[in-house]
Amino acid sequence: MQLDAKIPSGPIQDKWDKHRFDLKLVNPANKRKYDIIVVGTGLAGGAAAATLAELGYNVKNFCIQDSPRRAHSIAAQGGINAAKNYQNDGDSIWRLFYDTVKGGDFRAREANVYRLAQVSRNIIDQGVAQGIPFAREYGGQLANRSFGGAQVSRTFYARGQTGQQLLLGAYASLSRQIAAGKVKMYPRREMLDLVLVGGKARGIVTRNLINGEIETYAAHAVVLATGGYGNVFFLSTNAMNCNVNASYRCYRRGAFFGNPCYTQIHPTCIPVHGDYQSKLTLMSESLRNDGRVWVPKKPGDKRAPGDIPESERFYYLEEKYPSFGNLVPRDVASRNAKEQCDQGRGVGETGLAVYLDFRDAIERDGRNVIAKKYGNLFQMYEKITAQDPYQMPMMIYPAVHYTMGGLWVDYNLMTTVPGLFAAGECNFSDHGANRLGASALMQGLADGYFVIPYTIGGYLAGESHEIVTTDHPAFKDTLGQVSDRINKLMSINGKRTVDDFHKKLGHILWEYCGMARNNDGLDKARGMIQELRSEFWENVRVPGETRNINQSLEKAGRVADFLEFAELMVVDARHRQESCGGHFNEEFQTEEGEALRDDDNFCYAAAWEDRGPGEDPVLHKEPLEFEYVKLTQRSYK
C-alpha cells in the first residue's frame, strides 16, 4: 500500500486555507442525517464531539470514566502554547512552527506542524470565550511563561491546573450539546474493537464496565481520541485507566501504526519510592522556569542539600547548555539527569534523583510571587513527599509521560482505514520524535475544535454511505470475536496476577527500550516479551465474572494488548538505526553525547502494517521533506 499523506499543494502558509476551501461541504440540512462516533472525552475527544454536534451531526460519545470531565487531560499542569506574542519578545506563527519541528528532531510532517501553529491562536480565543481562567498580568492582559525548548514566552496557563480548566471548557460545550440532544453520552464504556463494513469504519464494540454487557454501535464515521500508551511501562505519569486497546485494535483491523518507539520521558517527576507503587506523579515542567536543576559535584555525596555549599553544586544544564539552561527540551533534560545519576551524583536514598531548587527564585522574587505561580504544585509535592519545597529543593527524576507514536494519519487526520479518524495523542502526532512542553493541549484542542470538523465533512460529502445498523453481519462477527477473547482470558485460571505480568513487562521496556536503547538490548527485549506473552496466555489468573463489574478482566484485556504492542515498539526501535529525540540509541550519538540522526536513511515516518498473529509487521515509509526548516543537528547550547 502506498501511503498518501494528502498534503495540499502551494506555500505552507496557504495550505490549510486552500485545503479547507477545496474540501467538499455537507449541506446543513444533511448533517443531521449523519451519525458520528467519538471515542474519548479529553481535550481532543470532548472538543470534537462538542463541535461536530454544534455543526448539526448526531454524535455518540464514549468515555471510560464515569464522567467526561474525568478524562486524563485533566492532569495536564503547566500550560498551552500559542503564538500570540503578547510579550512582544519575538514570537510568531513561524517561530512556533520552527521550534516544534526542531524540538521534534526533524521527524514531523512540516505541513501539519505549520497548521498547528496557525490554529494555536484560535484556541486561546476559544478558551477565553468559554471563560477559562487563564492567568493575567496586572493590567488584565493574558500572562505567558516560558517552557522547555523555546526562548520566548508563549505558554498560557491557569496556575498548575491548565489541563483541568481547558477540559472544563470543552466539557461545558459538550454538556450544552448533550442537553440539546445532539450528543448521546455513553460513560463507563471501554472500546474493545472496530467494526468494518466494506473496508470502512462503521462502528465499534464496547464493554459496559458496570454490568459487563458487550455492546455494539453503528455510525457513518469513527473518531478515536483515546490518548497514548505510556502505561505499557506500568509505571508512568498516566492515569491507571489509560491503555492502548482502542488504537491497537484498530491497528489489528488495518490502521497503520506510526512511530511506536517514540516515547517521551518527562524530566520533572517525583522519583519512584517503593516496589508497590502503581503510578508516578508529574511535576509541571513550568517549574524549570524558576527552579534550578543541580546535583553535588562529588559523586556519592549524601549530605543534606542545605549542607552543600554553592561551590560544590553542579548546575549541569546551565553549564552544558548556556543558551537554554534549565529550559532545554524534555528529552535532553531527561538524558542528562540519567547521566548524572549513572555517574554517582544522584541524590536521595535510591540515588535516582536530582534537585530542583527554588532558593534563588524565592530570594529574588519573594515567597508570595512563587506561590502565586506554582502554589498548588508545591502543595501537591509536599502532600506526596512530606517535604516543604519552599524550605528545601524538590527531588525529581525522569518518568514515562507522553507518547509521540500513534495511529498513522494523513493531513485530514484519517487513518489508513477509510472513515476512521484519530485525534490528539492517539495519532502519530505533529511532534516528531519529541514533544515540546505545553504542546499536547495545543494539539488536542487544535484537532478537536479546528481540524476534524472540517475534514470529516469532506469525507462524508465525498463518499457514498450505505445504511448500516448493528444488525449487519459484520457487527455480529466482530462481537463474536470479542466475546471469544474474553472467554479465553477467563478460562485460563492460572497462578499469576495480571499486575504481575504488567510489572514484568514494564521493567523489560524501561530497561531496554526506555531513556536509552541499544541493538543488543532491543533484541533481548523482544525475546523476553515473546516469552512473557506466551506465559500470560497459559498462566494468568482473572478472578470474577464477565457479567458484572470486573476490574481484573479490564486489566487483563489491556495487558494482553500491551504484551503484543510492546513487541511492535521494540521492532520499531530496532529498525531505526539512528538517535532522534525520545528514541536514543546509544550506538548513535555525537561526541558530546547528543542524539545523532541519520537523515540520509531514516528521514521518514515509520508506519507499520499488521499481518496477523505470528507474522512480523510490514514497514511502510512516509518520506519527510523539509522545505522550510533546514535539516541541522539540534543544539541548545
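Me: Which residue stands opposite Gly-203?

Reply: Gly-203 stands opposite Ala-218 in S8. This is a predicted model, in which local features need pLDDT of at least 70 and side-chain atom pairs count only at pLDDT 80 or more, while totals for chains, interfaces and linings use all residues. Residues are numbered from 1 along each chain as its sequence is written, and side-chain values use heavy atoms, with hydrogens and water left out.

Me: What makes S7 and S8 a pair?

Reply: Two strands pair if DSSP finds at least two bridges between them. Five bridges join S7 (residues 200–208) to S8, and the two run antiparallel, so they meet the definition. Strands (E, at least two residues) and helices (H or I, at least four) are DSSP runs, numbered from the N terminus. The hairpin of S7 and S8 has five residues between the strands, and there Gly-212 takes a positive phi near 80°.

Me: Why is S8 said to be largely enclosed?

Reply: Buried means under 20% relative accessible area, exposed over 50%, and partly exposed in between (1.4 Å probe, protein chains only). Four of the five residues of S8 (residues 214–218) are buried, so the rest of the structure largely encloses this strand.

Me: Why is Gln-551 called exposed?

Reply: Its relative accessible area is 52%, and the label exposed needs over 50%. Gln-551 lies in helix H16 (residues 551–575).

Me: How do you know that the span of H9 agrees with its number of residues?

Reply: The expected span of a helix is 1.5 Å times one less than its number of residues. For the 13 residues of H9 (residues 330–342) that should be 18 Å, and the end C-alpha atoms are 18 Å apart, so the two agree.

Me: What covers the buried residues of H9?

Reply: The cover includes strands S11 (263–269), S12 (292–296), S13 (313–314), S14 (354–357) and S15 (394–403), and helix H8 (316–320). Ten of the 13 residues of H9 are buried, so this helix is largely enclosed. Among them are Arg-330, Asp-331 and Cys-341. Just after H9, Gly-344 takes a positive phi of about 90°.

Me: How far apart are the C-alpha atoms of Gln-551 and Ile-210?

Reply: They are separated by 9.9 Å, although the residues are 341 apart along the chain.

Terms used:
Contact means heavy atoms within 4.5 Å.
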